[in-house]
Amino acid sequence: MTPCKLDLDVLPLDSVDMYGEPDRNSAYSLAGHVEVKLTPPTSPLYDPPASEECLLLESLVLTFEGQSELLSPETGYGACRIIEFSQELLQNGPVEVGHFWDENLRDPQRWLVTFNLAVPGWLPPSCFTTFVNGSRKEPEVSYRLSAKATYRDVRPGSSKSLRSMCYGYSKLPSTQTTTSPLATVKINRFAIPPPSHALTTSEFPQYPFHSVEYAGSIKGSSSKIPADVLSKLRVLAYLPEHIPTDCESFPLFIRLRPEDLSVDERKRLLLPKLSVTASQTEIMRSSLSTKYAERWPVPSPSEQPPRRPLQTRRRDVRDFECALMLTTSENAASKTTYSIIPCEYPEHFTLSGAEDGFAAAAFADPSTWVQMRLDVPFCRILDDEKQQRDRGPVRHLRPTESGPLLSVFHTLDVALTCTYDLSTGAEMGVDVATEELRLTLPLSFVRLPRTDARLPLASSLLAAAPIRSYPDASINGVAVEMRDAAFQPASLPYAQALPAYNQLFHPNGMLREDPTPLPRYTRDPKDAEDPPLPPVVCKQTPSTKLPLSSTTAPPELTLSA
């Protein structure tokens, strides 16, 4: 008799959604089933199965592994192993798997073994390299599950099948192993916006995240403008703490004023122009980042490729290496910066009333500021039309993150053109010094979750918002709105039914204090007295009722003479 074939298949129930910043003290659940399938042999090389089959499943090990791969002409092919751990699913010892086969029934028999893995919360999210027209995707950060079973036949015997006679053996090995195909697991990382009532103190109460203030001043200057004049120019910039990637723009609020300048110095100082640019910088490496390995518990160098190769690689690696014959160094790195601002966005804005500068007497008051409010748009696809016609990978907007092989950063550059009149007496305006003051501010792009797959993305919600044409000439120096509300309130569609665990509890399990607790319930004084009882309505009923039907026999009538 020939034992049946034992197959395995890993069936994860869902993807893993992580929230907030990476945290090594948090973990997320990954549940699913391992399908154990017993299939009778159907090939004529095997003899028919025994009427009763019984296998002893000695071990069933589930392995979770993650890897990062990167492919570029500058760095070549780079790969690293992010995580790998295994868990024995048969905690209580071996399990017998058997079935009684019928002559007319040879359907495979299946058993499901449940699992629940604790996935560390510091893992980077899954991401892909997307090619033009979505023709294919190649993984950059990917995760997989695999299972391995060790089993043996409870009643071993000899085989007299055609295969055993041809190959010269009749005894089957006592212990056998089988491995499941790799099952892909997707890991997402989302940012949860604060509740709407917590955004009342933000500079952008209609945006889903708080505003962050950046204060700056100029220290030292090699320009013709006196350093003591520039050092007294105060600048405040406000940006959202996080920017959703599926949004279309983000607000920018700039406030500036001269401090402790004389009236004559304020007349000489002008701010005629303002320009805004935003960029995405990608740092690609051919090997695991040293800082990343120091911060997170990744496998040791002896477990990294090429010392220990990965089980699977990207499909385009072999073609790329053969075509270009890459000879990059082991620790190669490259840095590329793309503009995320649409090409039709104005290069600069001319402030109306800039010819008067800060000469107004109101600037002697320390509470007087020049305020500029802009709505800065950004693109999701960073390639132009010519690059999109090529069949290479598509450059797109990515979330801000520091990964093992690829790190993505975003910055906003605000350039203020300052002029200062150095001439004296009647020759005012002859000798004018010009200086460009540049502020580089960090941006943080994040992904937002959806509680219901039927709800639209933010991009579809923003499609209904009216967009105004960009001004070509000038903008006022006081509170200018270039676009209507760029984002819907945070209650839809990103309202979470339950917050993340690390928002409710500390790593040691203690309950966090609510920063905005609800007030204790108190009864309204108007309702302090008990309301009057409702009036009682009395209904009269007849003293006797005749039944509509009777199930008893009627009495007999007796006739008397």
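Arg314 sits in the loop between α4 (290-295) and α5 (317-324). Helices (H or I, at least four residues) and strands (E, at least two) are DSSP runs, numbered from the N terminus. This is a predicted model: local features need pLDDT of at least 70, side-chain atom pairs count only at pLDDT 80 or more, and totals for chains, interfaces and linings use all residues. Residues are numbered from 1 along each chain as its sequence is written, and side-chain values use heavy atoms, with hydrogens and water left out.

**Two buried arginines**

- Arg314 counts as buried, at 5% relative accessibility. Buried means under 20% relative accessible area, exposed over 50%, and partly exposed in between (1.4 Å probe, protein chains only).
- Not counting residues up to four places away in sequence, Arg314 touches Glu69, Leu70, Leu71, Thr129, Glu138, Pro139 and Glu140. Contact means heavy atoms within 4.5 Å.
- The Arg314 side chain reaches the backbone oxygen of Pro139 at 3.4 Å.
- Arg398 lies in the loop between α6 (385-389) and β21 (401-402). Arg398 counts as buried at 12% relative accessibility.
- The side chains of Arg398 and Glu140 are joined by a polar contact of 2.9 Å. A polar contact is a pair of N or O atoms within 3.5 Å; within protein, one must be able to donate a hydrogen and the other to accept it, and residues adjacent in sequence count only if both atoms are side-chain atoms.
- Arg398 and Thr245 are 153 residues apart in sequence, but 7.5 Å apart in space, C-alpha to C-alpha.

**Nonpolar cores**

- The largest nonpolar core has 49 residues. Such a core is a set of buried Ala, Val, Leu, Ile, Met, Phe, Trp, Tyr and Cys residues joined through side-chain atoms within 4.5 Å.
- Phe250, Leu252, Leu256 and Leu412 have the most contacts inside this core.
- Elements supplying at least two residues each include α2 (227-230), β14 (233-240) and β16 (249-258). The largest share, six residues, comes from β14.
- Apart from this core lies another, of 43 residues, among them Tyr19, Leu57, Val97 and Val141.
- In soluble globular proteins, nonpolar side chains tend to be buried together.

- Most residues other than glycine have a negative phi, and most peptide bonds are trans.
- The peptide bond from Pro305 to Pro306 is cis, with omega near 10°. Pro306 is in the loop between α4 and α5.
- Asp260 has a positive phi of about 60°, although it is not a glycine. Asp260 lies in the loop between β16 and α3 (263-268).
- Asp260 is exposed, with a relative accessible area of 66%.
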